[in-house]
Amino acid sequence: MTFASAALFAAVFTRALTGVDSLDPVQSQSTYDSHAVHLLYETPLEVDYRARPYRIKPGACELLGVSDDGLVYSFRMVPSTPLSAADVKRSIDRLRDKANPSPGTWTMKNVKDVSVTGERTFRIELNSRQHVFPWMLTMAYCGIRGPNGETTGPYRLKSWWRNHEIVFEKNPRWHGWALSADAGADAFDEVRYIVVSDVTTQWLMLLNGEVDFLGEIARDNWSSVMGDDGRLYPSVAERGVKLNGGAPANEVRYIGMNMEDPLLGGNRKLRQALSCAFDFPTWRKFYNNSVCPLSGPVPPTVEGCIDEPFEYSFDIVKAKRLLEEAGYPGGIDPATGRALVISLSIGRPTQDSREAGELLASFYARIGVKIELRFQTWHAFLNSVNKGNVQLYMMAWVADYPDPENFLQLFYSKNRSPGPNHSCYANPEYDAEYEKAMAAGTDAERMRHWRRCQEIVREDCPWIFTHITKNYTLSRSRVGNYVPNDFPYGNEKHYRVQKK
């Protein structure tokens, strides 16, 4: 493998990553985009790489204070950055600009004004209290562009062959290198993302030293990696591969329902029936017992989650009864006299997603419902979801920050698609509880309203809660200073070449 030896010599960090669609911070819609954007651009604040529980630390800016009413946030540029307060204002105003539609507009919807108060200071005024607002400033959408739109982060773009490879080279002028304990010594000279769709190929490339990192262990490769004891096979470890993590991820995986669809939106019994028909025990076996159950919109990794039995978890008898009460006895559509047909849209037509879709279809065949699978490219899938051209859709939400609000905002009616409320769920009682939580002055008060929000969603069933993955990653031993992280965007700047 000629490339492998050359890459090792040149201190190139290589990983397989699904294709990046945009390098523009305000257009960074997917987690894949966020990985790239965080390499190229600094954000005002960032998530502390090592702190657990997670916390915020200064990025290009530091938070000086918050007014007593929680409406005004004051900031100062960190001493080492060449960026100015005007650069931050211009970047945030661009995100807020309605003439420049962004999937991240929701992060700034509560901002009333951004004002520069000095060359190195600025303030952000909100319309209403928003306890999670500082976390918004850690996200890729808020990447700060230089005066002429230039990148400002630890790496800069070297080359981009769309849907094949993207390469970043170390930015020696980035002020953050001087702040690290080793002044950035032994950081990787280049970061290379390659698109490799076949998971078996990814695995072989890791074993051969052609890639340094896999963000997950694919289902089809599980038996090649892990023994029955849940540990890495010694023969794999001997080839310089390390197993990291294993805790439940800070995420939710779900099948969303388009609440504006005439079939699903107005029939809660049908939605409940579909939820009850989801066979999690079989689903878990399909994923090699590497997934955990999910019983609501907030994962148990987040404080405030309702961790109680879910009334509409797998129960085939109950599913059939609810289906009959919904007007479809035995799964028969009275309008056609044939099986009720519902489409399920899935992005990325991989072998794994096809098998998962077929398994889901088999679950619903048990209650007489026919699931029609629709596979699309990721970009086409997102467009379909954003435009409401779906009935059921398979999706995941990876936490942007560790707070119930980050998940519960997905059901707030004002965030309807193309915002993060892709199901276009609208419930006045839910909205009222959500707004009360946002306005709450104490954590205890806020948690009471978050609990009620979860209760409402669990009863309405706009989603089928499928699972949470266990957060396993694989890395080569040459990658030093790697820490498993639920917010991994741009984390390559922390990695160091581990010399033998």
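**Burial, aromatic pairing and backbone features of the predicted model**

Helix α8 (residues 268-276) is largely enclosed by the rest of the structure, because seven of its nine residues are buried; buried denotes under 20% relative accessible area, exposed over 50% and partly exposed in between (1.4 Å probe, protein chains only). Helices (H or I, at least four residues) and strands (E, at least two) are DSSP runs numbered from the N terminus. The structure is a predicted model, in which local features need pLDDT of at least 70 and side-chain atom pairs count only at pLDDT 80 or more, while totals for chains, interfaces and linings use all residues. Residues are numbered from 1 along each chain as its sequence is written, and side-chain values use heavy atoms, with hydrogens and water left out.

The buried residues of α8 are L270, R271, Q272, A273, L274, S275 and C276. They pack against β13, α10 (316-325), β17 (341-347), α11, α15 (443-460) and β20 (463-476), where contact means heavy atoms within 4.5 Å.

Across the whole structure, 35 aromatic pairs are found. Rings of Phe, Tyr and Trp (its six-membered ring) are paired if their centres lie within 6.5 Å, with planes under 30 degrees apart counted as stacked, over 60 as edge-to-face and the rest as tilted. Y254 and Y393 form an edge-to-face pair, at 6.1 Å centre to centre and 80° between the planes. Since Y254 lies in strand β13 (residues 251-257) and Y393 in strand β19 (residues 392-398), the pair ties together parts that are 139 residues apart in sequence.

R348 is located in the loop between β17 and α11. Although not a glycine, R348 has a positive phi of about 65°, and at 18% relative accessibility it counts as buried. Its charged end sits over the ring of W378, 3.9 Å from the ring centre; the criterion is NZ of Lys or CZ of Arg within 6 Å of the centre and within 35 degrees of the ring normal.
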